[in-house]
Amino acid sequence: PHVQGAMGVQGLRQLAGLHDRLGILGTDVVLACAPPHRGPGLQLLGMALLTGATLVSAAHTPAADRIRIIRERFVSVLSASPRQLTGILDELERSGERPPRLRRIMVAGEDIDADLVRRLHATWGPIVLTAYGSVQTGTVAVATPELLTANPGTAGRRLPGSDFGIVGHAGRGDASGLLWVRGAHATVITEDQARIEDGRLM
């Protein structure tokens, strides 16, 4: 009863596109720092159910406990907000522990700045994806590690089944202004000022 809206066909297309870029395997253990009933947490739950991966929820957990869970549960994919990732990095520096092994990190929930991208890549290598969307639309754009390394300010390219644009600007050309996004079962005019360059959301 707490899940917001049904995914529908467009939502499944988004989920498949997100999976293609994130690449969750049946053998993965995924640590989700978002609640599993909405947004990125719900999408990760869907991918875990579709692939057979194990989903571990750590929505309201201190950074030190998240690090312990990653080690003890052999987590291979971590999904967290920039604030949560900063907390994990700060805790690793404070404790002097070696970083646990990870195969992929997905950043969602807030914009990620270039300094945090560099810090994550220095700790784990170029394994970071960033996802952009809203609770109503789900993830609509993803920046791969290659795209994020080359341009840390990007929020990525459209996923199948989704769209985004600038309010008042027709077509898909370069533009700046108030951002709208379309996803699984909604179109939302966000409160974000954004830029679109060469099909990428900035």
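The legends below describe close-up views of a predicted model.

In this model, local features need pLDDT of at least 70 and side-chain atom pairs count only at pLDDT 80 or more, while totals for chains, interfaces and linings use all residues. Residues are numbered from 1 along each chain as its sequence is written, and side-chain values use heavy atoms, with hydrogens and water left out.

**View 1. Helix α2 and the glycine that follows.** Glycine 52 follows α2 and has a positive phi, near 85°.

**View 2. A charge over a ring.** Arginine 158 lies over the face of phenylalanine 164, at 4.1 Å from the ring centre; the rule asks for CZ of Arg within 6 Å of the ring centre and within 35 degrees of the ring normal.

**View 3. The largest pocket.** This pocket (on a 1 Å grid over the protein atoms alone, an open set of points where a 1.4 Å probe fits, with protein on both sides within 12 Å along at least five of seven lines) has a volume of about 810 Å³. Its lining, with an atom within 4 Å of a point, comprises 36 residues, of which Ala108, Gly109, Glu110, Ala131 and Gly133 lie nearest the centre.

Technical notes:
Helices (H or I, at least four residues) and strands (E, at least two) are DSSP runs, numbered from the N terminus. Grid points are joined across faces, edges and corners, and a volume is the space filled by probe spheres set on the points.
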